[in-house]
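Open the structure in your viewer and keep the selection tool at hand.

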Amino acid sequence: MTAPTFTPADLQRVPGAALPDLLRRMPKAELHIHIEGSLEPEMIFQLAQRNGVSLAYPDVESLRRAYAFTDLQSFLDIYYAGASVLLHERDFEDMAWAYFLRAAADGVVHAELFFDPQTHTERGVPMGVVIEGLTRACQRAQAELGIHADLILCFLRHLSEDAALQTLEDALPWRDRIIGVGLDSSELGHPPSKFQRVFERARRLGLHAVAHAGEEGPPAYIHEALDLLQVERIDHGVQALQDEALMQRLVHEQIPLTVCPLSNVKLCVFDQLASHNLRQMLEAGVCVTINSDDPAYFGGYLLDNFQQTVDALQLHAQHAYQLARNSLQASFVSAAQRQVWLAQLDACCAQALAS
Ligand code: ADE
Ligand code: ZN
């Protein structure tokens, strides 16, 4: 029997009522998730108790009430405080496993997890504890949930480049566990140019490279990330629309943007989801993907980001298909694995048309 075929334009026939089910069933890759940002308040308190760490908030509700952010920095202050409960391998494993359970329910087939080793090594937690714990959860996700997962080591840009270089050297015993490096934390005042040497070293080690740019920072930071750090994807990048030449470059070179709609609203990059520029960028031909960033802090995991964005921007099944397809295209998996998931995505959409 031949596989069902369809063209994306056929998806116009999928009724809006069928979209939630399609969004969930489509195989998707999540390419922008800070695993420390998946620590739910309940788990923060559970780990604090298990590890004897004291918190600045008396209970889960008061911590959750503090999640009223005005910008990136106001979030990062709380996010780093939350990560202070992570001490042992099992803590990192439990955190990532909880994420994978959510991801499986959302139809995620592949996840590239960002982690911030400096947040932990600065507190005296060894690099090996972080990487071994996360690796165990990744292996379990593959074995028990069928989710493929990789790790991307992020440098904290508010710290020095020398500290980033040292972090990369410290991670080398686990080189085979890491597929790439990234750049995150406070963007304004910390341009990509500050990290040129460490990204060059990472690339010479054969690691992939990505960087947060144009979340709050100007389009010039996106240019720098592409030209000086030679990144393969831009994390966020929503400020690109201010720069016509940059937009043309993103489209022409098909440089993926890992956009995080709920994060952008929570951190006041857009005043509401309906004002987000995702649809405009997608329709302009940019390789836009949808991701959750720090789901425990921003009000939703991957499927929530998809569903709420589809509703707010009145996206159709064809947009949803393109977004899922982009996520698979932009991932760092092998070409053979990508083809398998792309075929599954097409089969899933063909089935939606047939029913
Ligand atoms: N670290 C965790 N989430 C982040 C974000 N949205 N931007 C920059 N650094 C981060
Ligand atoms: Zn991020």
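A nonpolar core here is a set of buried Ala, Val, Leu, Ile, Met, Phe, Trp, Tyr and Cys residues joined through side-chain atoms within 4.5 Å, where buried means under 20% relative accessible area with a 1.4 Å probe and protein chains only. This is a predicted model, in which local features need pLDDT of at least 70 and side-chain atom pairs count only at pLDDT 80 or more, while totals for chains, interfaces and linings use all residues. Residues are numbered from 1 along each chain as its sequence is written, and side-chain values use heavy atoms, without hydrogens and water.

Select Phe-100, Phe-199 and Tyr-297: these have the most contacts inside the largest nonpolar core, which has 123 residues. Around Phe-199, leaving out residues up to four places away in sequence, show its contacts (heavy atoms within 4.5 Å), among them Phe-155, Val-181, Leu-183 and Leu-229. A second, separate core of six residues includes Phe-114, Ile-179, Val-210 and Phe-332.

Next come the pockets. On a 1 Å grid over the protein atoms alone, a pocket is an open set of points where a 1.4 Å probe fits, with protein on both sides within 12 Å along at least five of seven lines; lining residues have an atom within 4 Å of a point.

Which residues lie nearest the centre of the largest pocket? Select Thr-135, Cys-138, Gln-139, Ala-149 and Asp-150, which are among its 13 lining residues.

For the second largest pocket, select Arg-13, Asp-21, Arg-25 and Gln-351, which are among the residues that line it.

Key. Chains lettered and ligands numbered in written order. Buried < 20%, exposed > 50% of the residue type's maximum accessible area, 1.4 Å probe, protein only.
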